[in-house]
Structure formats: C-alpha cells, structure tokens
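Q: I have a model open and want to learn how to read it. Can we go through it step by step?

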Protein chains: 2
Amino acid sequence: MKIIRTPREMQQAAQALRRAGKTIGFVPTMGFLHEGHLSLIRIARERADVLVASIFVNPTQFGPGEDLDAYPRDFERDERLCCEEGVDLLFYPTPETMYLEGHSTWVEEEALSGMLCGAARPVHFRGVCTVVTKLLNLVLPDFMVLGEKDAQQLRVLRRMVRNLNIPVDVVSGPTVREADGLAMSSRNKYLSPEERKEAICLFQGLGKAKEQFSAGERSADVLTASVRDVIEKTSGTIDYIEVVDDENLQRIKVLEKPALIALAVKFSGVRLIDNAVLGK
Amino acid sequence: MKIIRTPREMQQAAQALRRAGKTIGFVPTMGFLHEGHLSLIRIARERADVLVASIFVNPTQFGPGEDLDAYPRDFERDERLCCEEGVDLLFYPTPETMYLEGHSTWVEEEALSGMLCGAARPVHFRGVCTVVTKLLNLVLPDFMVLGEKDAQQLRVLRRMVRNLNIPVDVVSGPTVREADGLAMSSRNKYLSPEERKEAICLFQGLGKAKEQFSAGERSADVLTASVRDVIEKTSGTIDYIEVVDDENLQRIKVLEKPALIALAVKFSGVRLIDNAVLGK
C-alpha cells in the first residue's frame, strides 16, 4: 500500500492508472476507521483493479462550535487497517493542501440539503459536496462506495453526481452495527458507559417503527411518536425524528411509497444518527 | 465532424477517447460563432488529437429580464464553421438534457464573481461555473480554451478549476476585433448602424487609458475618468468602468502591479464588454 499526501501526486497517480486502463474504486472517509468503513472497503475491493481510500477530516463540513478539533484521529491504526483490507493507495492530505489560500468555490445541493441533519448543520452538506467533488477530481474513480448510515449524505451526493454529470458510479453499502444494534460511528467512542448502553434506543426505536410499518401502519405521526417514546426513556436529546420521501426528502404524512425514517439524538455533546428505509 | 446531442453520448465518446490515449481539446461556446470563437478553435486545434466544441446557450447564466430568448442562434452556420475549422466532435445538447428535472446542484465561486459584470448579473457566474463544470465532466478534456474578452469569466473559471482540482489546463486566447477595434461579440449584430459606429468607444477609451498608463499614469481614477470621457460622447450608457487587481479583481486606487481595466456599456438593450490588462 502506498500513502499519498498531496493532491497533485494523487491526481497524477490516478491519471496514470486511467491511462493504463485500470478500474479505480474509491472509499472516502474521515478516518478513525471501524467495521462500517471496512465493509465499504471490502465492497470496493471486489470490483476494483486499484482501490483508493482517503482519510481527510474535512474542516469545511463542520460548523462553528461543532466537533472538528475533537473529531477522533488515529492514522497509524487506520493505515494498518487499510493495508490489511487490500487498499492500494491511501490518500491522506492536509487541510492546507486541500484548501489553498483563497479557496472560494463551493458546490451546493439545494433541494435535499436543508432538512434533517442540514437543518441543524447549515454549512455541512456544502462542505461535503465541495470536498467530494474535489476528491473525485483527484482520485478519478470509476465508482465510489458510500455508507447507507449517512442516508441524507448518500442522497445528496447521488443527486450532485447526477446534476454535475460526474463520471462515477455511486455504490452504497449497508449500515454495520454493534452486536446490540448501535450503528457503528467514529463518534461512539465519546459516549460514557451509561450513554453507550442507552444509545441503542435509536436502533430500538427504528425497529419498533419498522414492526408497526410491517403490521400496516402508514401514518408518519404514529411511527415517529413510537420512536420518540423509546428515545425519551433515555438521557438522549432528540434533534429530529422525521419520516420523509425516500427520493426528495420532503416530509410526508402518509407512507404511500418508499420512505426514509431518520433521526438524530444527542448524548451529552455526542450527536448520533440512524435511519431505516420503509417500503422498498 | 460528428454532432453529439446528448450528455450521455458525449461522455461515452470522451471516455472512449481517453481510454485510447487521445488528447482532448475543448472550446465551450454559446454558438453564433464569429472570428473570436474561431481563433480559440484554431488554438485548440494545434494542440489536440481530438477537438471538441460545444454550442449551448446556457439558460442558468441569464437572469430574469436578460436576453436569453433573444440570444442569437444559427446552428447550421455554426456547424459549417466548426467543420471547416477541423472540429471533430460538436456537442449540441438541449437545455432539457443538460438540466434534468430536479436540478438542484450549483457551483459558485464567491470571491471574484460579485463585482464587475457579477454586480449587475447576480446569478450569471453561478450559471457559468455550473455549466462549465458539467461540460468538463462530459467532455473530459485535457485542456479548454477560453477568450480573454470575457476577462472576469476567465478568472472565475481558472479559480474554480484550481479550487475544485478539475484535471484540465485552462488556456486563454486574445480578444479578436473588427477592423475598427470593436471586440467581436455575438451581441454586436443587435446594434443599429449608428450604434455600431459609436460602439468603438469601448476600444477607444481603453486605448486612451493604455496610452496614459504607458506615459506613467498610475491613478485608477484618472484612467477611468478618461475612458468615461470617451464613452460619454456617445449614446451608450455606462454600466461600469473599473480598474481592479488582475488576480483578485478587487478595486485599486494606484496601479502598482498588474491591473485589469474593464467596462460594460449598453447601447439600447445591447450590453457590450471589453477590457485591457495594464502592466503585465
């Protein structure tokens, strides 16, 4: 495995691979890898001639007061894991080389970015769209693998790729969970032991909603209320629980076509998200 | 010469050319070609294995009340001219295939886009940046040739390409002028015979400023005042005359490093622009 630290070297390597006719697979990450990331890397490994992963804690997707500085980092461990999973090129740039002085260009998706997580994090998806556009221009992948845990991010980036005609296939990988159901996240390590136990309420609430949906319930209010009941038994603070159209992320009242039920819950300062697709 | 009418076909053709190791040169235009465009096509022809030109009157760079519907079009003539100049692929998409229903992603350059033409045309450069990003993703060129007549557009797009790490060289070609000095523009045909004669005031005013600069004048106010004097002898209405830093387009008072003197003047409804670089 080769580690590449500058955008220029990454792009030159990618261009050489393209000229040589190689299929490039790409998994972008913010590092502090867990089984969720590794599952995406394994999906990419199967289809790619050359597998590129990136580790970049992107400052522009964190708002003021968010956890940019506290975001967990452990490059040596990440490096070892990537190597074990068969990553060929690990792109590990610095913020200074990714955002040169005078950076003034932003990519913004405006229809799907303002609700759910975007409501509480107004610059988040602009930062995500901008950095992923940059990464795609540097890595030049045939396909990119994204996790379904970040449901809104997946939909925003799919839309962006289609709207800007970016020549990349977007592949998604299912959420990987701890044994008790908690969705894997780099932020889980910041939970206290007590909060860690309570945090399964996201998964449990979604499970209850899925059961009700399977039993025929189609009212969004009823489904969100029963998730809310589960969460409110814990010390978690609900940021949002919403049932939205799976395509356009608009709130719906009655589930008539595929819907996404998504939620964000804070334990002390730690914001956890999870979601389930209903009716697909 | 082959005409390609859909984004999908364009991208597939470009990908095949890339795989075959061809160097792709690209000249994006809004059609109604004149010698200015053809000079850019000739510059590209010299360096490219495969030369792609596009003709697309991009609706998103026109504001409400601007001349989108009136913008001149003559595809048959454009097609013939491209063929004569050795264009290999002519990309001629419709607005409906370029902007699918639900288009919601925009590329915006925020430091250089708000002044000069951007002040009077608030969505203009967002539309330009978005469509050029799309075109670059569809044509996948090694280099793109842009005209120096659109001075701000050239600088905005250079910045965008650098900020988003788009793998393309931006080459510029000098402004081509009529015998009397008027910069070529598709909009010139809308001038009345009397206005056509008066319209050389842009060139004459810039000429006077250049003379004064050569004679040692370094005050932006003095230079713009003498351009203003020339324009005000005509029926033209000044939109702006400004001296700005050639790099960051910020207004300057004293010319100590390369500067751009740029102006926009309206004759009846027809908006003409021109510029000169001083001290480079």
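A: Start with a rule for helices. The expected span of a helix is 1.5 Å times one less than its number of residues. Keep in mind that this is a predicted model.

Q: How many residues does helix 2 of chain A have, and what span does it reach?
A: Helix 2 of chain A, residues 35-47, has 13 residues. From its first C-alpha to its last it reaches 19 Å, close to the 18 Å expected.

Q: Which residues of helix 2 of chain A are buried?
A: First the general idea. An α-helix has 3.6 residues a turn, so residues three or four places apart point the same way. Now the case here. The buried residues of helix 2 of chain A are Gly36(A), His37(A), Leu38(A), Leu40(A), Ile41(A) and Ala44(A).

Q: What covers the buried residues of helix 2 of chain A?
A: The cover includes four strands of chain A: strand 2 (24-29), strand 3 (50-55), strand 6 (143-147) and strand 7 (169-173). It also includes helix 3 (75-84) of chain A.

Q: What does chain A look like as a whole?
A: Chain A holds 10 helices and 10 strands. Its C-alpha trace spans about 55 × 40 × 40 Å along the principal axes. A compact globule of 280 residues would have a radius of gyration near 19 Å, and chain A agrees, with 19 Å. Of its 280 residues, 44% count as buried. Take contacts in chain A between residues at least 6 apart in sequence: 69% of them join residues at least 24 apart.

Q: How many residues of chain A are in contact with chain B?
A: 27 residues of chain A contact 28 residues of chain B. On the chain A side, the elements giving two or more residues are helix 1 (7-19), strand 5 (105-109), helix 6 (124-139) and helix 7 (151-163). The residues on that side divide into 9 nonpolar, 11 polar and 7 charged.

Q: In which sense do strand 5 of chain A and strand 5 of chain B pair, parallel or antiparallel?
A: They pair in the antiparallel sense, over 5 bridges. Within this pairing, Trp106(A) stands opposite Glu108(B).

Q: What rotation superposes chain A on chain B?
A: In general, two copies of a chain are related by a rotation about an axis and a shift along it. Here the rotation is 180°, with 0.0 Å of shift and an RMSD of 0.0 Å. The two copies are therefore related as by a two-fold rotation axis. Of the residues of chain A, Val107(A) comes closest to the axis, at 2.3 Å (C-alpha).

Q: Why do the copies meet through the same surface?
A: Because 100% of the interface residues of chain A are also interface residues in chain B.

Technical notes
Residues are numbered from 1 along each chain as its sequence is written. Chains are lettered from A and ligands numbered from 1 in the order in which they are written. This is a predicted model: local features need pLDDT of at least 70, side-chain atom pairs count only at pLDDT 80 or more; totals for chains, interfaces and linings use all residues. A residue is buried if 20 or more other C-beta atoms lie within 10 Å of its own, exposed if 12 or fewer, and partly exposed in between; C-beta atoms are placed from the backbone. Two residues are in contact if their C-beta atoms, placed from the backbone, lie within 7 Å. Ala, Val, Leu, Ile, Met, Phe, Trp, Tyr, Cys and Pro count as nonpolar, Asp, Glu, Lys and Arg as charged, and the others, Gly among them, as polar. Two strands pair if DSSP finds at least two bridges between them. Copies are superposed by least squares on the C-alpha atoms of residues with pLDDT of at least 70 in both. The radius of gyration is taken over C-alpha atoms; the globule rule is 2.2 Å times the number of residues to the power 0.38.
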